[in-house]
Amino acid sequence: MSEVVKLEIDGKVIELPVVIGTENEKGIDIKTLRAQTGYITIDPGYKNTGSCFSSITYLDGENGILQYRGYPIEQLAEKADFLEVAYLLIYGNLPSKKEFDLFKSSITRHTLVHEDMKRFLEAYPFNAHPMGVLSSMVCSLSTFYPESQNPNRAKEAIDMTMHRLIAKLPTLAAWAYKNKMRHPFMYPQNDKSYCENFLYMMFAMPSEEYKIDPVVVNALNTLLILHADHEQNCSASTVRIVGSSQANLYSSIAGGISALWGPLHGGANQAVIEMLDQIMADGGDMEKWVAKAKDKDDPFRLMGFGHRVYKNFDPRARIIKKACDDVLDKLGINDPTLELAKKLEKVALEDEYFVQRGLYPNVDFYSGIIYKALNIPSEMFTVMFALGRLPGWIAQWKEMVENGDPIGRPRQIYTGETKRDYIPLEKR
Ligand code: CMC
């Protein structure tokens with residue numbers, strides 16, 4: 001294997017180093033390209049551009065492989081606890097029993113949010129989308145912890161910020177929902193596990209006892225693990241780029257939540273359920289909707305289909321599809337949306353348009369159906385994604401800081417007007 005590639009530009013041959021990852025992924029290091037030739041590369045949407053070196057998540061889109069710190073997603077989803085996975089992503093290894101106990105107790109101790117934060121919540125309109133609320137509440141946390149704005153803090157202080165965020169996000173997420181319902185806020189109960197506590201804060205009422213169903217807890221734990229990281233996706237890249245200016249962790253994560261909200265990214269889970277409801281209300285003619293998705297003059301896309309990186313199958317979608325059957329079965333739910341989703345998947349997978357383009361169901365296609373079975377309203381689906389993705393965002397931010405990555409600042413090819421002189425208003 002050659003360690004450099006040769007590139008001929010304007011008759012001059014330059015050599016660029018090749019970089020190879022631990023799973024044999026290959027890249028061309030173009031750091032000196034502009035200095036040597038005056039050229040930059042152009043790659044809108046970064047379809048072919050590596051933005052960093054990372055040892056957090058390995059993803060092979062052609063073969064449907066996803067590993068966190070080397071551990072296959074299938075094993076983690078089946079066997080691990082979400083907080084264990086959070087520790088793994090952030091600190092690089094699975095925790096020992098002692099490390100895990102310390103981590104859990106640190107998270108548990110910080111689940112409360114400052115009472116003044118509740119005043120912000122009350123000021124949002126009743127129909128505010130919870131993702132908008134979550135993003136701004138997370139950014140607001142930075143004003144309650146101003147020391148987080150110092151980029152040169154001790155490791156212990158940074159750890160504390162990371163733990164606070166993991167601890168408080170379920171509280172803020174559940175409160176965003178309670179606020180929307182105009183129901184009383186439920187305070188966290190620290191004898192409960194991470195997932196139990198979130199469900200309690202979401203669904204309990206002060207007026208009656210709330211029994212937490214272990215089937216629901218397990219399903220939530222699996223979903224959060226499946227969402228926990230996905231290397232350099234839109235929101236993780238946003239977190240890294242915001243953080244690269246040395247903006248504090250809370251603001252960086254708030255940026256990630258905003259990026260996740262869009263329907264092409266995490267917002268797809270809400271869009272899938274809305275699409276399935278629309279197809280059902282329209283009579284369930286699958287061929288008609290698949291034809292619409294293929295029509296380039298129609299903006300409609302099959303939500304929950306396609307992925308920038310997976311062109312064969314999304315391993316998360318496989319696990320979720322099975323979990324979906326299990327959960328509905330265990331909870332005794334017969335949801336026609338699941339049948340419709342399966343039929344739609346079958347029609348699309350047999351269609352040449354989808355086959356040729358490698359468009360398969362992604363993680364969001366079935367996750368909404370499970371969330372619905374867990375009684376989570378559709379506007380909260382992307383919030384659930386954010387809860388799961390938080391450790392990944394934190395790990396990406398931490399790695400970016402520790403690697404000393406430079407500020408993110410792409411270049412461009414300018415296509416506007418060339419120099420022209422100002423004309424006074426009265427002469428225009
Ligand atoms: N329905 C119909 N056509 C599609 C779809 C779809 N869902 N997705 C892609 N295509 C077509 C697209 O029109 C293009 O066709 P052509 O080559 O003829 O121009 C081709 O497939 C390639 O698509 P692309 O938009 O260039 O691919 P991308 O990598 O830029 O976009 C995507 C990836 C996920 C944004 C896109 O597949 C999409 O919009 N999917 C629907 C939204 C969705 O489910 N998003 C969740 C992604 S998974 C969760 C997460 O991690 O964010």
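Visitor: How many helices and strands are there in the protein?

Guide: There are 18 helices and 6 strands, where helices (H or I, at least four residues) and strands (E, at least two) are DSSP runs numbered from the N terminus. This is a predicted model, in which local features need pLDDT of at least 70, side-chain atom pairs count only at pLDDT 80 or more, and totals for chains, interfaces and linings use all residues. Residues are numbered from 1 along each chain as its sequence is written.

Visitor: Why does the radius of gyration of the protein agree with that of a compact globule?

Guide: The radius is taken over C-alpha atoms, and the globule rule is 2.2 Å times the number of residues to the power 0.38. For 428 residues the rule gives a value near 22 Å; the protein has 23 Å, which therefore agrees. Its C-alpha trace spans about 80 × 65 × 60 Å along the principal axes.

Visitor: What makes L66 and Y68 of strand 5 buried?

Guide: A residue is buried if 20 or more other C-beta atoms lie within 10 Å of its own, exposed if 12 or fewer, and partly exposed in between, with C-beta atoms placed from the backbone. Over the 428 residues of the protein, 39% count as buried.

Visitor: How do you know that strand 4 and strand 5 pair?

Guide: Two strands pair if DSSP finds at least two bridges between them. Strand 4 (residues 57–60) and strand 5 have 4 bridges, in the antiparallel sense, and so they pair. D60 has I65 in strand 5 as its bridge partner. The two strands form a hairpin with 4 residues between them, and G64 in the turn has a positive phi of about 65 degrees.

Visitor: What makes strand 5 and strand 6 a pair?

Guide: Strand 5 and strand 6 (residues 71–72) are joined by 2 bridges in the antiparallel sense. The bridge partner of Q67 is P72 in strand 6. In this hairpin, with 2 residues between the strands, R69 takes a positive phi near 50 degrees.

Visitor: Which residues come nearest to the ligand?

Guide: Of the 21 residues around the ligand, A268, R301, G306, R308 and N362 come nearest, where a residue is near if its C-beta atom, placed from the backbone, lies within 6 Å.
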